Structure formats: C-alpha cells, structure tokens
Amino acid sequence: MKNVYFLSDAHLGSRAIAHGRTQERRLVNFLDSIKHQAAAVYLLGDMFDFWYEFKLVVPKGYTRFLGKLSELTDMGVEVHFFIGNHDIWCGDYLEKECGVILHREPLTCEIYGKEFFLGHGDGLGDNDRKFKLLRTMFHSKTLQRLFSALHPRWSVELGLEWAKHSRLKRENGREPEYMGEDEEPLVLFSKEYLKNHPDINYFIYGHRHIMLDLMLSRTSRMMILGDWITEFSYAVFDGENMFLEQYVEGETSVE
C-alpha cells in the first residue's frame, strides 16, 4: 500500500521570501523523494503566492515545480490541487498541462477506508468581517473579468505586491501563534462540523502556517499542515497511521 501525502502554503513566487529559488528546489526535491511511494499528493492551497490565469497567459516562473507535478501525474500519482486565498484564480491550465485534479471547495472523501475532510481553511470559522469582504471580492466573477482586462504587466505586478504587503504587515512576516482550542477558528469549525458529521476521521487544513495535531474525539483528529516557507512540513497517511513530519534534505521520508 502506497502513502498519501498532504502539504500546503509554499507561496511560491512571494516577494517577501528572500530564498524563493532555494525554497522551490527544496519542495521539488521532496516531491521527487516520495514519487515512487506515493499513491496521491494533496496540495491544500496557497502553493503560489499569486496565480492568475488569463485566457492565453499564465504567470512566469515555477518551471521546476510545474514540471515535477507533471512528472508525478504522468507516473500515475494522483495530484489534487486545492485553491487557497492566494491562488484563487486558477483556470484550466494546471488540469490540462500538469494533469492535476483541481478543487475549488473543501472536499470530503474516503482514503483507505477513513473519512477525510480536506480544505485550505480560509473562510472556515473565521468571522473577521474585513477578511470575509476581501474573500467575497476575490471570488467575484465580475471583478475577475475587470481584472482580466488589465494588461498582465500591471495586473500581475499588482497581485504580487498585494501578496507581499499582506505578508510583511504581519509581525516578523508570520501568522499569529496557535490561539488554543477555544479560539482557533479552524478548531471551532471542525468541532461544530463534527457534531453533524461524526464519521469524519481526519480534518486536514493549510492556511494558518502552524503545525497542529489535535484529537477532537476518540475517532476524529485534526491537523494544520504548517508551511513550506519555514516549517517545510507535511502529513503522510500510510493506510493505518497518520504522521505530521518536517522535511530535511537528505533524510528518507516516512515509508
């Protein structure tokens, strides 16, 4: 039985990450190290810091990452790509050119007999009005069409600078620390969701850039995956056990 991997939040291309090329190579090296033992890879959002597809234009760069995704899917590895709040604007490029399975909403699915709830995590349990307004705007088809009318030299520049500003305005450029079970929005959402869906065994999210492994009940567990900026973390499910790990180059991943 082959493993299933989960990771998120690489924010490739971010102008707030000084080691961007090294970061991309590290991610690609990890994907290369697991390719023969992976049945599926779930990328749970914000793999790009900004991604916007025009009809005949896609963003510059990411060739190593996109090539590795294509290699994985060519080998028969399922690659699931969830949009996040930084790479909402995916068209069909990743599906057609790289062979990934694109998800625009959270997904409930069965993996090796266990029930999973998977999603990036933005908008789940977070009642911040400003964030909700921005999220609504970013998902607006009308605003997307207006944005598409701009030349890429301006629109992509605007998107990259917006994303950079969003990260740098946080203290040390990082997300807030874990807020605790009674305040962390994704924990509160998961507990509430579990009341009506008691068969969920695993809730897995990105978005928060923290590593969290929490038992919600005797049969239900929640994970937040960390990121691929400072933590270089991922979860792996072998059909029986789930591990939350950090990738160190040169070490063999969990088999």
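Which residue in β9 does Met-211 stand opposite? In this predicted model, Met-211 stands opposite Leu-225. The two strands involved, β8 and β9, run antiparallel and are joined by five bridges. A hairpin of five residues leads from β8 to β9.

The side chains of β8 follow a simple pattern. In a regular strand, side chains alternate between the two faces of the sheet. Along β8, Leu-212 and Leu-214 point to one face and are buried.

Strands β8 and β9 belong to an open sheet of five strands. The order across the sheet is β5-β6-β7-β9-β8, and the pairing is mixed. The edges are formed by β5 (107-111) and β8 (211-215). Each edge strand has a single partner, so one of its sides is left without a neighbour in the sheet. On average, neighbouring strands are turned by 20° against each other, direction ignored.

Within the sheet, β7 (residues 202-205) pairs with β9 (residues 221-225) in the parallel sense, over four bridges. Here Tyr-202 stands opposite Arg-221 in β9. Helix α7 (residues 185-196) packs on this sheet. The helix touches β5, β6 (114-119), β7, β8 and β9. The direction of α7 makes about 150° with that of β7.

Arg-221 deserves a separate description. This residue is placed in strand β9. Arg-221 counts as buried because its relative accessibility is 17%, under the 20% limit. A polar atom of the Arg-221 side chain lies 3.0 Å from the backbone oxygen of Met-242. Met-242 is also among the contacts of Arg-221 when neighbours within four places in sequence are left aside.

Gln-23 sits in helix α1 (residues 20-34). Its relative accessible area is 2%, so Gln-23 is buried. Which backbone oxygens lie 2.4 Å and 2.8 Å from polar atoms of its side chain? The oxygen at 2.4 Å is that of Ala-10. The oxygen at 2.8 Å is that of Trp-228. Beyond neighbours within four places in sequence, Gln-23 is in contact with Ala-10, Leu-12, Ile-17, Trp-228, Ile-229 and Phe-232.

Helix α1 also packs against another helix. Two packed helices are described by the angle between their axes and the distance between the axes. For α1 and α2 (residues 63-74), the angle is about 10° and the axes are 9 Å apart. That angle is under 35 degrees, so α1 counts as roughly parallel to α2. On the α1 side, the residues that meet α2 are Arg-21, Glu-24, Arg-25, Leu-27, Val-28, Leu-31 and Asp-32. On the α2 side, they are Thr-63, Arg-64, Phe-65, Lys-68, Leu-69, Glu-71 and Leu-72.

Cysteines were examined next. A disulfide is a covalent bond between the sulfur atoms of two cysteines. The count of disulfides in the model comes to zero. Cys-98 is in no disulfide, and the nearest cysteine sulfur, that of Cys-90, is 10 Å away. For Cys-109, the closest cysteine sulfur is again in Cys-90, at 19 Å, which is too far for a bond. Cys-98 is buried, with a relative accessible area of 4%. Cys-109 is buried too, with a relative accessible area of 14%.

Asp-46 is not a glycine, although its phi is positive, at about 55°. Asp-46 lies in the loop between β2 (38-43) and α2. Tyr-112 is not a glycine either, and its phi is positive at about 50°. Tyr-112 is placed in the loop between β5 and β6. Are these residues buried or exposed? Asp-46 is buried, with a relative accessible area of 1%. Tyr-112, at 32% relative accessibility, counts as partly exposed. The value for Tyr-112 falls between the 20% and 50% limits, which means that neither "buried" nor "exposed" applies.

Key: Residues are numbered from 1 along each chain as its sequence is written. This is a predicted model: local features need pLDDT of at least 70, side-chain atom pairs count only at pLDDT 80 or more; totals for chains, interfaces and linings use all residues. Side-chain values use heavy atoms; hydrogens and water are left out. Buried means under 20% relative accessible area, exposed over 50%, partly exposed in between (1.4 Å probe, protein chains only). A polar contact is a pair of N or O atoms within 3.5 Å; within protein, one must be able to donate a hydrogen and the other to accept it, and residues adjacent in sequence count only if both atoms are side-chain atoms. Contact means heavy atoms within 4.5 Å. Two strands pair if DSSP finds at least two bridges between them. Axes are lines fitted to C-alpha atoms, for helices over the stretch in contact, and angles run from 0 to 180 degrees between N-to-C directions. A disulfide is a pair of cysteine sulfur atoms within 2.5 Å. Angles under 35 degrees count as roughly parallel, over 145 as roughly antiparallel, 65 to 115 as roughly perpendicular and the rest as oblique.
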